[in-house]
Amino acid sequence: GEGERWLSRLKDKNQVEPHIPDIIWRESMASDPVGATWGTGVLRSPGRTYWGWNVRVVSRVTIPTLVFVGEEDRLIATNRLLFANLGTDHKVFAGTASATHFMLWERGRHFLAEAACEWFLKRTFRGAARGTFRLAPDGALNKA
């Protein structure tokens with residue numbers, strides 16, 4: 001459930017607002033009547049496929065690319081590998097401290113929204129068109 005995949009990976013007591021896990025749980029159960037019958041602590045999630053998204057394919061990506069991840073995401077190593085192999089020099093990798101794969105439910109969601117808006121409008125991340133960066137929990141920028 002979310003306890004193992006999400007809450008156990010939190011590094012900062014302020015990373016998630018106190019009421020958010022209950023809201024996520026309630027809304028997840030409301031949107032999945034079948035999964036809701038499986039008992040407490042069980043959250044059904046969809047099967048995934050990367051649809052061929054691998055190092056060979058990513059090397060053919062030539063458009064400007066922003067990779068924005070939480071540093072507590074178990075997929076961060078894979079994201080770094082794919083970023084390194086992108087077929088463009090116009091690329092930014094931004095890791096966010098005290099953020100997980102579920103950053104949209106955490107306080108870091110504001111940094112993600114800011115980054116996405118700037119990238120879509122200007123193709124930059126905090127003014128940079130390329131590089132690797134790290135955001136502190138308060139959003140302060142450090143070159144990684």
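These legends describe close-up views of one predicted model. Local features need pLDDT of at least 70 and side-chain atom pairs pLDDT 80 or more, while totals for chains, interfaces and linings use all residues. Residues are numbered from 1 along each chain as its sequence is written, and side-chain values use heavy atoms, without hydrogens and water.

**View 1. The largest nonpolar core has 12 residues.** Such a core joins buried Ala, Val, Leu, Ile, Met, Phe, Trp, Tyr and Cys residues through side-chain atoms within 4.5 Å. Buried means under 20% relative accessible area, exposed over 50%, and partly exposed in between (1.4 Å probe, protein chains only). Members include Phe68, Met103 and Trp119. Strand 2 (91-96), helix 6 (109-122) and strand 3 (131-135) each supply at least two residues. Helices (H or I, at least four residues) and strands (E, at least two) are DSSP runs, numbered from the N terminus. Helix 6 gives the largest share, three residues.

**View 2. Arginine 109 pairs with glutamate 17 in a salt bridge.** The term means a side-chain nitrogen of Lys or Arg within 4 Å of a carboxyl oxygen of Asp or Glu. Here the N to O distance is 2.9 Å. The partners sit 92 residues apart. Arginine 109 is partly exposed, at 25%. Glutamate 17 is buried, at 18%.

**View 3. Glutamate 71 forms a salt bridge with arginine 134.** Their closest N and O atoms are 2.8 Å apart. Glutamate 71 lies in a loop and arginine 134 in strand 3, so the pair ties together parts 63 residues apart in sequence.
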